[in-house]
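Biologist: I'd like to learn how to read a model like this one. Can we go through it feature by feature?

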Amino acid sequence: MSITEKVLAERPTANELDQWIPLYSWAQERPDFHCRLNIYPRIVSRNETDRFRCRLRYFSRSAEPIGEFFTEEVTGDGVLRLPLRKAADAMGLATLDGVMEVHTFQVGAQPATPRFLKCWMDFESEDGRWFASLPCAPFRGARKSMISPESQVQPGIVADDTYRTHLLAINPMPRSASFFVTLYNAAGAPLSGFRHTLGPCDYLVRPLEEIYPDLRQHFAPGGIGSIRLDGDYKLLGWYIIENRATGRVYCMDHFAPFFRDIRSDSGL
Amino acid sequence: MKESTDSVPVCYCKNLYRAEIESAIRSGASTVAQLRERTGATSKCYGCLADVEDLLYQQRLEPEPQSRGLSSLTTLIPGVQVLSKQARRAVKEVRRELAWRRNPWKLGTWVVEQENLHSRLVMCNLECPGDGRAFNPFHLHIDFYTPDGRRAGTVHRVLGRNQTLVLETRDLLAELGLSAPAHGMLEVSYANRYVRSGRCYTQWYNDVSLTASHERRFRSIFPARLHGFEAVHRVMATDRFRTYPIVVNCREPRFNTRVRLARPDGEVLRSRPIAIPGMGTLFRPITEIFPLAESFLGDQEGVLYFETVGPLMTYYLIHDRQSDGWQGQHLE
């Protein structure tokens with residue numbers, strides 16, 4: 001039996017899902033700050049005649065979406081690059097400051113595995129300080145073997161003379177959720193106590209040194225440690241690393257769950 | 001899947017708990033579609049799909065009571081069935097352990113050390129609430145492979161409870177007796193079975209920028225891409241930005257493919273062959289892979305398509321030549 005056959009045998013119900021699961025991303029669109037969504041279906045399609053479309057739903061601190069936007073179709077070998085300015089205009093909004101649900105689906109057919117079509121959101125500012133790309137993330141539903149989906153982790157949080165780290169947490173569900181943050185220095189000593197409640201479909205972005213003013217001393221001398229985020233249920237966590245002197249941001253990435261093993265099709 | 005799920009809904013949208021889904025399965029729902037019809041699970045955000053599938057899968061694995069051959073024994077000696085369950089669990093655990101010993105987790109990442117770009121491997125071993133098992137130190141074997149696929153050496157590290165390992169590439173090279181500039185793949189083998197928080201993250205940095213991504217999985221883990229091809233979706237060759245595709249061949253045989261560069265308007269540059277030695281790495285600016293990339297793309301962003309599927313670990317870096325900053329990400 002080939003590896004593929006084994007995988008498919010292990011996942012006999014995978015194809016019963018009628019479409020992929022949605023992904024979520026931070027959405028910011030202002031005159032001086034822009035987001036762009038990138039979708040390229042070729043990672044799941046070998047057929048140039050396959051057609052894909054994407055539904056965007058924009059949430060801004062409310063359980064119900066503020067606006068909805070359907071992209072144009074993109075073929076299996078195409079690339080969809082959608083400036084969120086275009087979606088905001090179509091929704092009749094001057095700015096975006098919230099959470100975007102990105103739901104790609106295959107037109108006229110069930111999509112192939114895996115469970116979602118990965119896509120990236122680019123963040124760029126007019127002054128050139130922001131030049132970063134963020135992988136959109138699923139809430140739940142990617143097939144992983146996890147110890148606890150409620151807890152997430154990120155090694156490599158930086159707080160030194162050159163860089164500082166921001167936390168970005170998103171609650172994609174239509175109910176409030178609390179979480180708390182623990183930071184560990186390289187030797188394993190924790191720093192904890194911060195608890196926050198996110199409203200429905202809300203987000204928090206804040207420098208970690210604002211949450212824990214002693215962080216830099218705690219991480220000294222190396223300036224690097226790790227973070228754990230524990231939520232009432234799985235929240236989506238990302239981090240942003242900024243150069244202190246220039247304010248430049250070239251780094252955004254997602255947290256990861258505690259894996260039992262890795263048999264994920266999520267890439268997370 | 002989370003084990004102690006009694007207090008946490010499986011489906012948040014419909015507020016369904018494990019017991020309700022199991023009850024539906026026991027009453028005859030044998031597919032996701034049937035479960036959706038009966039309970040409403042996996043009908044909105046699909047977030048519970050994996051959990052629902054696991055519950056269905058567990059149900060399939062559970063033998064029928066008649067086939068256990070223990071019904072008469074259970075009747076005669078109360079408690080035997082409980083013991084039997086424990087024994088089955090133990091056998092399953094031993095089998096898993098043996099399977100892992102034969103084929104331990106190997107995760108990989110790509111590191112570089114050059115004048116304007118440094119890197120480090122970062123891993124942690126944080127305790128996870130709700131997991132009662134002790135967190136033993138993580139024993140790691142880290143192999144460094146040069147771009148031509150040669151294993152240049154191995155270093156060992158132990159990662160204690162809640163600790164974070166930071167391995168600077170320049171220190172690794174010094175330990176292996178190698179000199180910069182250098183780049184290549186790090187292959188991390190786990191002497192512990194569970195990955196937990198111990199994934200490999202890489203930071204690429206200099207004084208201007210710091211960008212990070214995580215390992216890609218390979219070898220003991222099935223390929224994630226069963227239906228598509230690799231593509232670098234953001235290829236730039238302007239005065240300011242230059243994209244560097246990074247492709248690591250994670251298997252022993254040489255990987256041969258053709259790549260083509262496409263513009264948003266559909267125009268495609270004639271495809272070119274690339275070959276990556278087994279365990280080797282390609283790290284070159286797009287203008288070296290396609291010498292005409294600059295004039296072909298102009299100010300537009302192109303896409304680099306691979307024409308063959310392979311056991312690849314892929315990233316890209318975009319060099320901002322104005323500021324000397326680097327932005328990087330993994331590809332899918």
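Biologist: Which are the buried residues of helix α2 of chain B?

Modeller: Some ground rules before that. This is a predicted model, where local features need pLDDT of at least 70 and side-chain atom pairs count only at pLDDT 80 or more, while totals for chains, interfaces and linings use all residues. Residues are numbered from 1 along each chain as its sequence is written, with chains lettered from A and ligands numbered from 1 in the order in which they are written. A residue is buried if 20 or more other C-beta atoms lie within 10 Å of its own, exposed if 12 or fewer, and partly exposed in between, with C-beta atoms placed from the backbone. Helices (H or I, at least four residues) and strands (E, at least two) are DSSP runs, numbered from the N terminus. In α2(B), residues 32-39, the buried ones are V32(B), L35(B), R36(B) and T39(B). Down the axis of α2(B), they fall within an arc of 100 degrees (taken from the directions from the helix axis to the C-beta atoms), so they line one face of the helix.

Biologist: And what follows just after α2(B)?

Modeller: There G40(B) takes a positive phi of about 90 degrees.

Biologist: Which residues other than glycine have a positive phi?

Modeller: As background, most residues other than glycine have a negative phi, and most peptide bonds are trans. Here, N15(B) has a positive phi of about 55 degrees and lies in the segment before α1 (18-26) of chain B. N15(B) is exposed, with 11 other C-beta atoms within 10 Å. M279(B) has phi near 65 degrees and sits in the loop between β13 (268-276) and β14 (281-283) of chain B.

Biologist: Where are the cis peptide bonds from A220(A) to P221(A) and from A180(B) to P181(B)?

Modeller: P221(A), with omega near 5 degrees, is in the loop between α4 (215-219) and β16 (224-231) of chain A. For P181(B), omega is about 0 degrees, and its place is the loop between α6 (169-175) and β6 (182-190) of chain B.

Biologist: In what order do the four strands of the open sheet in chain B run?

Modeller: Two strands pair if DSSP finds at least two bridges between them. The order is β5-β2-β7-β8, with antiparallel pairing. The edge strands are β5 (164-168) and β8 (210-214) of chain B, each pairing on one side only. Five bridges join β7(B), residues 201-205, to β8(B); Y201(B) has H214(B) as its bridge partner.
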